[in-house]
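User: I am new to this structure and would like to be walked through it. Could we start with how its helices pack, and then move on from there?

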Amino acid sequence: MIPGLRNGPDGFQLMENCNAPMPSSDPFSSQVDSVSDLLNQAAAAVYCRPALRALGAGLPADDFILMSALSRAADGRDAKAFSNLYMAALYAGRGISAEVLELGAALLPDAMILMNTALRLDGDVAKSLAVAARSGRMANERNAIALVVGWLDYERREVSAPPEFLALTRKVCRDVVRANQILIRGILETVAALSGDTVVANILNCDVHGDDETRRILEHSRKSVTQAAWDVTIPSSPVAEATLGSGGTLKRALPKAGRNDPCPCGSGKKFKQCCDGKLSTSDQYAVDGVTISDATAHPELILTARRISEMRPYELCALNPKLLIPAFAAQVATRLALYHEFSRAIAIVETIGREAVSDGTLDDIAYEFFEARETEALRWILDWAPGAVEVSFEMEVLLAPPEERPRLLREKAREAFEAERSGDDPSTVQMLFGELGYAAILTDPALGILVARGVLSVCGALNQDMLIEDIEDARDILGLDDNEPGYEIVEGTAQASLDQARHAIDIEKIRAETSSRVVQRDAEIQRLKAQIDSMQETLKEREDAIVIPTTVPKDKVTLPAAAPAPPDSAETRELRDHLRRLKDNLKVEHDERNRALRELRAARDQLRRSTREKPANQESEKPAERHEDADDSASTSVEWERQPLRLPEYGAAFRESLKQHPRQASAAALALAGRLAGGDPSAWQTVRALKLRPGTLRARVAGDYRMLFEIGPGDTLRLVDFILRRDLERWLAAAGR
């Protein structure tokens with residue numbers, strides 16, 4: 001162990017205090033100067049074996065100075081100084097405390113450096129790597145490598161891993177599986193073999209003992225952490241940095257102009273009133289004559305949206321907020337929040353000001369604060385921009401004092417039950433029960449599992465998928481196995497919903513067919529009635545045309561014994577027979593119509609019961625009995641008139657995305673597209689405009705997904721793409737491709 005660092009946090013606290021200037025009488029003042037000099041030397045060194053060996057040969061003999069420099073470089077996110085100093089100390093055979101990996105693991109050049117060097121440090125390597133993995137500053141690939149090294153560390157020391165490390169292992173495995181990262185999943189299969197945990201094996205769908213390929217990778221990993229050639233990934237000679245391209249200077253997309261000069265875009269306005277500070281995201285924010293070395297010292301000068309989406313956390317932390325244009329600053333702040341660099345994200349947002357940050361950006365930043373359970377940061381952004389962030393019930397519960405949270409849960413449960421009992425819209429009821437389950441798990445994992453499991457059957461299919469994920473995470477925190485009865489509830493309700501949907505479709509088909517039959521019978525009855533009336537008129541005219549002899553007084557006429565009736569002609573008899581047949585047909589049609597009406601009423605009642613519709617909607621659902629010109633304003637609210645009806649157009653990227661994402665998420669996207677096309681105001685409330693891509697709108701789907709669409713000509717709704725929220729920046733950087 002390193003002298004002066006055996007007490008852990010106390011020693012590192014002294015290192016952090018070395019950043020502050022000290023009076024000359026302080027005994028550590030010379031050490032502070034030495035730390036600064038050492039950091040300057042490390043930052044100026046070239047990352048190659050000869051240069052790092054030379055740097056290691058000149059390290060001060062005092063371990064305290066070395067560890068102080070490493071700690072300060074890690075705290076300042078100085079990746080170059082930390083990496084050079086870290087590797088130089090290893091070349092010199094100096095002892096390094098594993099605690100430097102808590103911040104430093106994310107600063108090393110690549111994951112294999114972490115694999116090859118971590119077990120050469122002193123102390124609890126696995127514990128420090130667990131802190132680094134939980135920090136959110138590393139991607140899943142580096143988290144997977146950290147888990148492999150951590151389990152190898154426990155194996156080397158022949159000690160059992162604590163429950164917290166096992167819970168972290170399960171969480172990383174679930175994140176990788178949910179993101180469908182196949183290559184990283186292969187790395188984690190070695191973790192399943194090292195841990196021997198059946199839950200991890202079930203998550204990865206692999207054998208807990210591993211197959212031949214897994215055992216081969218595991219053996220290679222054991223050699224990697226102990227091999228003599230641990231520096232194999234470090235270049236043997238200096239290499240040119242190609243990240244900034246070649247050439248002497250960087251050129252700006254628009255010609256250089258003074259603030260009072262005419263704007264180069266040709267608008268006729270002064271530059272300060274037109275394009276000053278308003279470069280598009282595809283332009284380089286560069287200045288004529290800036291050299292590559294200057295751009296290296298000030299990376300803000302060469303930023304693009306794509307570049308920001310590819311930068312690592314420590315690179316984003318090094319940016320100067322005062323040199324960023326507002327559009328890029330908002331993107332940088334969002335990326336910093338995603339990497340859990342919360343204080344830096346807040347500093348950038350404060351620097352650019354409220355007017356330069358869109359509500360959508362603030363909403364994304366607040367969501368990252370909430371996901372990380374950063375209560376103070378979330379409360380700050382809500383106070384800094386009142387009304388800009390849509391505060392969910394889960395956020396409200398997180399911000400409430402612990403003693404107030406049970407009361408909020410009870411009120412939400414009461415609201416959900418009242419909505420269900422009063423027959424509110426099913427989607428509203430499902431949303432209320434879903435919010436109750438999410439917030440319960442947030443309040444207490446053990447109690448939350450029971451509450452979430454109880455609402456699984458009534459929260460809707462989309463909420464079920466997300467609640468199951470939260471239940472899985474809560475079970476991992478509690479160290480439970482994967483025998484979760486909630487899966488059976490989800491499968492049962494999914495099958496019941498499918499059967500109910502099929503039944504409703506069958507009933508609707510019967511209703512449509514019977515309604516069509518009623519209409520056809522009505523038309524046939526009217527036709528028969530018209531024919532009967534016409535024939536009766538014809539028959540009456542013919543009867544009136546028959547000449548009857550004029551009567552005479554009895555005393556002047558002798559009556560014959562019998563007066564025969566005028567004989568009917570064949571045509572008259574045929575007419576009477578046809579009239580009788582028409583009346584018989586009319587009676588049959590009346591009977592058929594009445595039978596169809598009875599079937600129609602029965603189908604409507606059954607459909608209404610299966611879909612839980614209120615009786616108040618009965619009159620509005622009688623298309624056969626309702627006049628086509630009837631006023632429909634009673635069933636259409638004023639809010640629906642704000643957005644017209646639009647015809648959705650499904651783009652190729654949108655269709656492909658539906659196939660790639662989970663079925664429930666894709667189904668939710670299609671349902672939301674229909675609501676947006678129909679002008680549903682509750683759906684349009686979640687729509688935000690993308691500032692970096694004018695004309696494109698986004699809507700939240702299932703929390704972690706975003707649907708991108710545009711308003712096309714002729715009242716059309718063009719669905720552009722359907723992506724995960726974390727891929728939005730990459731999508732923007734790729735110009736929607």
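Predicted model: local features only at pLDDT ≥ 70, side-chain atom pairs only at ≥ 80, totals over all residues.

User: Which residues of α22 and α23 meet?

Analyst: On the α22 side, the residues include Arg 405, Leu 409, Lys 412, Ala 413 and Phe 417. They face a set in α23 that includes Val 429, Leu 432, Phe 433, Leu 436 and Ala 439. Glutamates take part as well, among them Glu 415 and Glu 420 in α22 and Glu 435 in α23.

User: How do α19 and α20 cross?

Analyst: The axes of α19 and α20 come within 8 Å and cross at roughly 155°. That makes α19 roughly antiparallel to α20. Their crossing is left-handed. From α19, the contact is made by Leu 362, Ile 365, Ala 366, Phe 369 and Phe 370, and from α20 by Ala 377, Leu 378, Ile 381 and Trp 384.

User: What is found in the loop between α19 and α20?

Analyst: Arg 373 is found there, between α19 (359-371) and α20 (375-384). Arg 373 has a positive phi of about 60°, although it is not a glycine. With a relative accessible area of 39%, Arg 373 is partly exposed.

User: Which other residue has a positive phi although it is not a glycine?

Analyst: Glu 158 is one, with a phi of about 55°. Glu 158 lies in the loop between α9 (140-157) and α10.

User: Is Glu 158 buried or exposed?

Analyst: Glu 158 has a relative accessible area of 72%, and the cut-off for exposed is over 50%, so Glu 158 is exposed.

User: You mentioned α10. At what angle does α10 pack with α8?

Analyst: Helix α8 (residues 125-134) and helix α10 (residues 163-178) pack at about 40°, with their axes 11 Å apart. That makes α8 oblique to α10. The way α8 passes α10 is a left-handed crossing. In α8, Ala 126, Ala 130, Ala 133 and Arg 134 meet Glu 164, Phe 165 and Leu 168 in α10.

User: Changing topic: which residues of the largest nonpolar core touch the most other members?

Analyst: They are Leu 70, Phe 82, Tyr 86, Ile 96, Leu 101, Leu 114 and Leu 188, in a core of 75 residues. Helix α5 (residues 79-91) gives the most to this core, with ten residues. As a general point, nonpolar side chains tend to be buried together in soluble globular proteins.

User: What does Leu 188 contact, leaving aside neighbours within four places in sequence?

Analyst: Leu 188 is in contact with Ala 144, Leu 147, Val 172, Cys 173, Val 176 and Leu 204. Apart from the core that includes Leu 188 lies another core of 65 residues, among them Leu 324, Ala 333, Val 357 and Leu 432.

User: Is Glu 472 buried or exposed?

Analyst: Glu 472, in helix α25 (residues 461-478), has a relative accessibility of 13% and so counts as buried. Not counting residues up to four places away in sequence, Glu 472 touches Arg 174, Arg 178 and Tyr 487.

User: How far apart are Ile 510 and Glu 599?

Analyst: Ile 510 and Glu 599 are 89 residues apart in sequence and 8.5 Å apart in space, C-alpha to C-alpha. Ile 510 is found in helix α26 (residues 486-545), and is partly exposed at a relative accessible area of 40%.

User: To finish, what are the totals for the protein chain?

Analyst: The protein chain has 31 helices and seven strands. Of its 737 residues, 42% are buried. Among contacts with a separation of 6 or more, 65% are between residues 24 or more positions apart. The protein chain exposes about 39,100 Å², and carbon and sulfur atoms supply 52% of that area.

Technical notes: Residues numbered from 1 in each chain as written. Heavy atoms only, no water. Core = buried A, V, L, I, M, F, W, Y, C linked by side-chain atoms within 4.5 Å. Buried < 20%, exposed > 50% of the residue type's maximum accessible area, 1.4 Å probe, protein only. Helix = DSSP H or I, 4+ residues; strand = E, 2+ residues; numbered from the N terminus. Contact = heavy atoms within 4.5 Å. Areas by Shrake-Rupley, 256 points an atom, 1.4 Å probe, with all protein chains shown as cover. Axes fitted to C-alpha atoms, helices over the stretch in contact; angles between N-to-C directions. Parallel < 35°, antiparallel > 145°, perpendicular 65-115°, else oblique. Left-handed = near helix turned anticlockwise from the far one by under 90°.
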